[in-house]
Amino acid sequence: MRLRRLAALAALSLAALTACGSGPGSGSGVGTLKIMAPASPGGGWDQTSRTAAEALKSAEPSRKVEVYNVPGAGGTIGLAQLAGQKGNGDLLMTMGLVMVGAVEQNKSKVTLAETTPIAKLTEEYEIVVVPAESPYKTLADLVTAWKADPAKIAIAGGSAGGTDHIVAGLMAKAAGIDPKQVNYIAHSGGGEALNALLGNKVAMGVSGIGEFAEHVKSGKLRALGVTSPARVDSVDSPTLKEGGLDVELANWRGFVAPPGLDDAARKNLTDLVTKMHVSQAWKDAVAKNGWIDSFQTGQQFADYLAAEQTKVKTIIAEMGLVS
């Protein structure tokens with residue numbers, strides 16, 4: 001009789017947990033939270049994912065958080081995998097402006113409409129650099145050589161159609177060069193682009209300030225300009241406007257979750273990310289990396305994401321970045 005009673009109590013407990021949505025993958029906080037960085041290690045999404053994971057652990061010490069990488073195609077391979085995790089409330093994917101462009105550039109069958117927007121996290125300006133041994137000491141030097149032979153100036157950056165590619169195209173346009181002539185070499189992560197620069201395999205590189213700032217400070221790279229309206233404290237560099245190119249653009253990053261989340265799972269993820277956002281660990285990381293806090297959640301972020309998709313589609317079409 002005692003064994004039957006214990007079995008009955010166990011069954012009732014399991015039923016209660018199931019009813020409360022406390023099983024693994026429900027987004028209840030019981031399962032391990034996984035964060036997908038849809039790019040190779042070393043880039044902005046990877047950096048953001050791992051920084052967020054540490055801040056989440058600091059904000060909620062009992063929380064288990066794992067980061068994993070799914071590189072390729074500007075994040076659209078990871079996007080397709082996320083869409084296949086319908087209803088999984090224990091999964092976040094880091095994304096941003098780069099992915100918005102990559103969806104268009106790669107004609108991805110899966111779009112951001114097939115995700116659950118959770119939060120916009122940060123904005124970050126881009127930086128244009130050359131190797132330390134480069135003959136181009138200033139932006140004007142680079143532009144002169146670029147206009148003389150556009151094909152000769154190989155440019156390293158992230159995915160095709162992403163923020164770095166858009167910046168390169170806008171710079172060309174501002175310099176009077178046909179954006180379609182830009183010799184842009186796409187990489188799946190900032191680490192790969194950095195290796196190309198340090199190996200003197202390309203003439204210039206474009207990426208988020210946080211990815212190249214330390215290498216500028218160490219003297220391995222030379223900064224020629226940033227895409228901000230005014231100089232920024234985190235790196236010693238003039239703006240592109242100071243260098244004669246009227247280009248200004250901010251990248252942004254955020255979190256989306258799989259489609260098909262119920263209201264409780266969506267709220268749980270939103271509350272968790274909000275808790276991370278106000279943690280001291282996150283605030284310190286934002287300051288250290290020179291990021292701009294641009295936190296948005298809920299419908300506000302969903303509306304922003306929809307507007308960005310429309311804007312980027314127009315920009316890359318005008319610049320001939322979509323074949």
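This is a predicted model: local features need pLDDT of at least 70, side-chain atom pairs count only at pLDDT 80 or more; totals for chains, interfaces and linings use all residues.
## Packing of H2 and H10

Two packed helices are described by the angle between their axes and the distance between the axes. For helix H2 (residues 44-59) and helix H10 (residues 280-289), the angle is about 150 degrees and the axes lie 8 Å apart. H2 is therefore roughly antiparallel to H10, since angles over 145 degrees count as such.

On the H2 side, the contact is made by Gln47, Thr48, Thr51, Ala52, Ala55 and Ser58. Their partners in H10 are Ala281, Trp282, Ala285 and Asn289. Sorted by class, the contact of H2 with H10 holds 5 nonpolar and 5 polar residues, with no charged ones.

## The largest pocket

The volume of the largest pocket is about 240 Å³. It is lined by 16 residues, and the closest to its centre are Gln47, Gly210, Glu211, Phe212 and Glu214. Helix H7 (190-198), helix H8 (209-217) and H10 each give two or more residues to this lining. H8 supplies the largest share, 7 residues.

The lining of the largest pocket comprises 9 polar, 4 charged and 3 nonpolar residues.

## The largest cavity

Searching the whole structure gives 1 cavity of 30 Å³ or more. The largest cavity has a volume of about 260 Å³. Its lining has 25 residues, of which Gly44, Val98, Gly158, Asp164 and Glu211 are the closest to the centre.

Two or more lining residues come from each of H2, H7, strand S7 (204-208) and strand S9 (250-257). S7 gives the most, with 3 residues. By class, the lining of the largest cavity is made up of 15 polar, 6 nonpolar and 4 charged residues.

Key
Residues are numbered from 1 along each chain as its sequence is written. Side-chain values use heavy atoms; hydrogens and water are left out. Axes are lines fitted to C-alpha atoms, for helices over the stretch in contact, and angles run from 0 to 180 degrees between N-to-C directions. Helices (H or I, at least four residues) and strands (E, at least two) are DSSP runs, numbered from the N terminus. Angles under 35 degrees count as roughly parallel, over 145 as roughly antiparallel, 65 to 115 as roughly perpendicular and the rest as oblique. Contact means heavy atoms within 4.5 Å. Ala, Val, Leu, Ile, Met, Phe, Trp, Tyr, Cys and Pro count as nonpolar, Asp, Glu, Lys and Arg as charged, and the others, Gly among them, as polar. On a 1 Å grid over the protein atoms alone, a cavity is a set of points where a 1.4 Å probe fits but cannot get out, and a pocket is an open set with protein on both sides within 12 Å along at least five of seven lines; lining residues have an atom within 4 Å of a point. Grid points are joined across faces, edges and corners, and a volume is the space filled by probe spheres set on the points.
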